[in-house]
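Hi,

Here is the structure I promised to pass on.

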Amino acid sequence: MKTKDFVQISLFAAILCILAPLSIPLAGGIPISLSNFAVLLAGVLLGKKKGLLATLLYIFLGIVGLPVFSSYQSGLSVLFGMTGGFIIGYIPLAYISGYFSDTYQDVIKIFLGILIAEIIQYTIGILWFQFLTQLPLSSCIAACVIPFIPGDLIKMILISYISTKKKLIQQ
């Protein structure tokens with residue numbers, strides 16, 4: 001890996017650390033945040049490997065105590081809490097969005113890849129949320145998916161468009 005790669009990975013981990021704590025709490029226990037936007041941004045602009053590494057660095061920083069998770073939380077307790085599945089879901093979110101961005105130039109195909117990545121992240125998050133709360137799946141979907149669909153669609157469209165400009169960052 002070159003110095004440029006380390007700088008890009010660190011920069012996007014820092015972007016995640018800045019954006020992810022900014023959140024709006026919701027009654028269901030899962031806040032609205034910009035973390036998945038930042039993870040997708042890392043994936044599509046850095047590609048699958050560096051985007052994944054930036055995301056893993058962010059998660060590591062949160063685990064060791066930096067208050068970088070939503071609402072400025074940190075530690076392993078967050079990973080074992082209600083949002084933990086969504087944080088773990090950032091790993092495939094970064095990799096899959098990066099894979100589609102690396103593989104395709106077409107904004108529609110990249111959007112579909114991001115959609116697949118989001119579905120996988122949501123699935124991991126919902127299953128973990130359901131495990132902890134023992135609520136019916138329909139209640140988990142109502143708390144963890146429905147309120148986020150409009151904002152996430154906007155984020156996905158924006159990230160898909162930004163992905164077509166990735167050559168600017170990779171130079």
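**Around Ser33**

Ser33 sits in strand S2 (residues 32–33); strands and helices here are DSSP runs, with at least two residues (E) for a strand and at least four (H or I) for a helix, numbered from the N terminus. Before going further, a word on the source: this is a predicted model, where local features need pLDDT of at least 70, side-chain atom pairs count only at pLDDT 80 or more, and totals for chains, interfaces and linings use all residues. Residues are numbered from 1 along each chain as its sequence is written, and side-chain values use heavy atoms, with hydrogens and water left out.

Back to Ser33: is it buried or exposed? Ser33 counts as buried because its relative accessibility is 12% (buried is under 20% relative accessible area, exposed is over 50%, and partly exposed is in between, with a 1.4 Å probe and protein chains only). Its side chain makes a polar contact of 2.7 Å with the side chain of Ser35. By polar contact I mean a pair of N or O atoms within 3.5 Å; within protein, one must be able to donate a hydrogen and the other to accept it, and residues adjacent in sequence count only if both atoms are side-chain atoms. Leaving out residues up to four places away in sequence, Ser33 also touches Ala20, Leu22, Ser23 and Lys155 (contact means heavy atoms within 4.5 Å).

**Salt bridges**

How many salt bridges does a search of the whole structure find? There are 2, a salt bridge being a side-chain nitrogen of Lys or Arg within 4 Å of a carboxyl oxygen of Asp or Glu.

- Lys155 pairs with Asp152, at 3.4 Å from N to O. The two are separated by about one helical turn, because they are 3 residues apart in helix H9 (residues 149–163). Lys155 counts as buried, since its relative accessibility is 13%, and Asp152 is buried too, at 7%.
- Lys50 pairs with Asp5, and their closest N and O atoms are 3.1 Å apart. This pair links distant parts of the chain, with Lys50 in helix H3 (residues 48–63) and Asp5 in helix H1 (residues 3–19), 45 residues apart. Both Lys50 and Asp5 are buried.

**The cores**

The largest nonpolar core has 33 residues, and Phe12, Tyr58, Ile87, Ile114 and Ile159 touch the most other members. A nonpolar core here is a set of buried Ala, Val, Leu, Ile, Met, Phe, Trp, Tyr and Cys residues joined through side-chain atoms within 4.5 Å. Several helices each supply at least two residues of this core, including H1, helix H2 (35–46), H3, helix H7 (107–133) and H9. Which helix gives the largest share? That is H2, with 9 residues.

Ile159 is in contact with Phe37, Leu40, Leu41, Val44 and Ile114, leaving aside its neighbours within four places in sequence. Another core, of 10 residues, lies apart from the largest one, and Tyr122, Phe129, Val145 and Phe148 are among its members.

**On the surface**

Leu137, Ile141, Ile146, Ile149 and Leu153 form a nonpolar patch with about 400 Å² of accessible area together. Patches are made of residues with over 30% relative accessible area and no salt bridge, with like charges joined within 9 Å and nonpolar side chains (Val, Leu, Ile, Met, Phe, Trp, Tyr) within 5 Å; the areas come from the Shrake-Rupley method with a 1.4 Å probe, and for residues only the protein chains shown count as cover. Helix H8 (137–144) and H9 each supply at least two residues of the patch. Leu137 is in H8 and is partly exposed, with a relative accessible area of 42%.

Most residues other than glycine have a negative phi. Tyr72, in the loop between H3 and H4, has a positive phi of about 60 degrees although it is not a glycine. Gln134 also has a positive phi of about 60 degrees; Gln134 is in the loop between H7 and H8 and counts as exposed, at 62% relative accessibility.

Finally, Trp128 is in helix H7 and is partly exposed, with a relative accessible area of 23%. Not counting residues up to four places away in sequence, Trp128 touches Leu79, Phe80, Gly81, Met82, Gly84 and Gly85.

Cheers
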